[in-house]
Amino acid sequence: MPDGVIGNTSASEAEVSWFESRSGSQKEEVDMDKIYEVLKKVREISPLVHHITNWVTISDCANIVKVFGGSPVMTHAREEAADMTSIADAVVINVGTLDNNILEAMQQQAMSAANQKGIPTVIDAVGVGATKYRNDKIKELLQYKVAVLKGNASEIASTAGIGVSTKDVDSGKVSGDIIQIAKSLACERGCIVVVTGEKDICTDGVSVVTIKNGSPMMSQIVGMGCMAGSVVGTFCAVEDSYLFASVAGLVCFEIAAENADTTSEGP
């Protein structure tokens with residue numbers, strides 16, 4: 001197991017359950033060596049991850065990609081978004097501070113170019129469910145091919161058209177089984193759906209993976225969800241299975257948080 005951002009992994013191990021939903025049976029435990037192989041590839045390849053992300057957490061997202069071994073680029077200008085995507089290995093779209101100019105850079109430039117090049121796009125549905133504008137625009141973004149759609153429970157439910165109570169970017173109350181909502185959305189959109197929270201859910205519509213790593217302190221820090229989306233995008237850049245890339249990225253990110261929690265007195 002590699003040293004560095006993960007630290008001493010003897011103090012924290014992955015808490016991952018992988019279910020095959022057609023049979024309802026649990027598969028074998030996820031091989032941690034395979035998870036760390038993906039991290040190793042990130043560090044060896046140093047993929048260029050093009051972000052069009054929100055202004056609140058842009059520095060945090062750049063730094064988390066860097067410490068994991070990737071190479072972040074954070075550009076929003078529609079005049080260069082396609083050109084930047086043409087040299088990138090993955091694109092991360094975060095709708096946290098959305099406006100029409102940024103939306104044009106996301107859709108007509110970055111996502112279109114990513115689809116043409118065949119590289120993965122990760123959409124982080126920050127704040128979806130809070131306003132009609134966000135609800136409408138996430139539907140437009142999902143007309144493009146997407147590798148991973150990520151959000152908290154209320155954001156994913158809102159994207160799926162399920163009514164929720166959302167006041168801000170934090171998760172609101174969801175009516176219904178969030179696992180079933182995520183599975184249905186994954187099938188409908190043909191992508192991996194990642195639901196972050198106390199227990200993370202990753203699904204391709206058939207398999208369902210739950211992850212219980214992380215620290216309670218993470219909920220007290222603005223931007224942890226955005227950083228998780230950047231990590232997922234970084235891992236997708238080097239791993240063909242976007243489901244496994246999502247799982248591996250979240251496990252590494254959250255074990256790092258657990259280890260940080262052991263040496264920190266507060267957020």
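Is S46 buried, exposed or partly exposed? S46 is partly exposed, with a relative accessible area of 32%. The cut-offs behind these words are under 20% relative accessible area for buried, over 50% for exposed, and partly exposed in between, with a 1.4 Å probe and protein chains only.

1. **Basis.** This is a predicted model, in which local features need pLDDT of at least 70 and side-chain atom pairs count only at pLDDT 80 or more, while totals for chains, interfaces and linings use all residues. Residues are numbered from 1 along each chain as its sequence is written, and side-chain values use heavy atoms, with hydrogens and water left out.

2. **Overall make-up.** The chain holds 9 helices and 12 strands. These elements are DSSP runs numbered from the N terminus: helices are H or I with at least four residues, strands are E with at least two. The chain has 267 residues, and 53% of them are buried.

3. **Contacts and surface.** Take contacts between residues at least 6 apart in sequence: 70% of them join residues at least 24 apart. A contact here means heavy atoms within 4.5 Å. The chain exposes about 11600 Å², and carbon and sulfur atoms supply 48% of that area. Accessible areas come from the Shrake-Rupley method with a 1.4 Å probe; for residues, only the protein chains shown count as cover.

4. **A negative patch.** D31, D33, E37 and E44 gather on the surface in a patch of negative charge. Patches take residues with over 30% relative accessible area and no salt bridge; like charges are joined within 9 Å, and nonpolar side chains (Val, Leu, Ile, Met, Phe, Trp, Tyr) within 5 Å. Asp and Glu count as negative and Lys and Arg as positive, with His and the chain ends not counted. The charge is placed at NZ of Lys, CZ of Arg, CG of Asp or CD of Glu. One member, E37, sits in helix α1, residues 32-45. E37 counts as partly exposed because its relative accessibility is 44%.

5. S46 belongs to the loop between α1 and β3 (48-52). Its phi is near 50°, a positive value in a residue other than glycine.

6. **Salt bridges, and one across the sequence.** The count comes to 6 salt bridges. The rule asks for a side-chain nitrogen of Lys or Arg within 4 Å of a carboxyl oxygen of Asp or Glu. One of them joins the side chains of E104 and R78, at 3.7 Å from N to O. E104 lies in helix α4 (residues 100-117) and R78 in the loop between β4 (71-74) and α3 (81-86), so this pair ties together parts 26 residues apart in sequence. E104 is partly exposed at 26% relative accessibility. R78 is partly exposed too, at 31%.

7. D136 pairs with K132, and their closest N and O atoms are 2.7 Å apart. Both residues lie in helix α5 (residues 132-141), 4 residues apart, about one turn of the helix. D136 is partly exposed, at 30% relative accessible area, whereas K132 is exposed, at 62%. K137 forms a salt bridge with E140, with 3.2 Å between the closest N and O atoms. K137 and E140 are 3 residues apart in helix α5, so about one helical turn separates them. K137 counts as buried at 16% relative accessibility, while E140 is partly exposed at 29%.

8. A105 lies in helix α4. It counts as buried because its relative accessibility is 0%. Which residues does A105 touch, not counting residues up to four places away in sequence? They are I52, H76, A77, R78, A81 and A110. A105 and A81 are 24 residues apart along the chain, and their C-alpha atoms are separated by 5.9 Å.

9. **A130.** A130 is in the loop between β6 (121-124) and α5. Its relative accessibility is 37%, so A130 counts as partly exposed. A130 and V164 are 34 residues apart in sequence and 9.1 Å apart in space, C-alpha to C-alpha.

10. **S264.** S264 is in the segment after α9 (242-261). S264 is partly exposed, with a relative accessible area of 32%. In sequence, S264 and M217 are 47 residues apart; in space, 9.7 Å lie between their C-alpha atoms.
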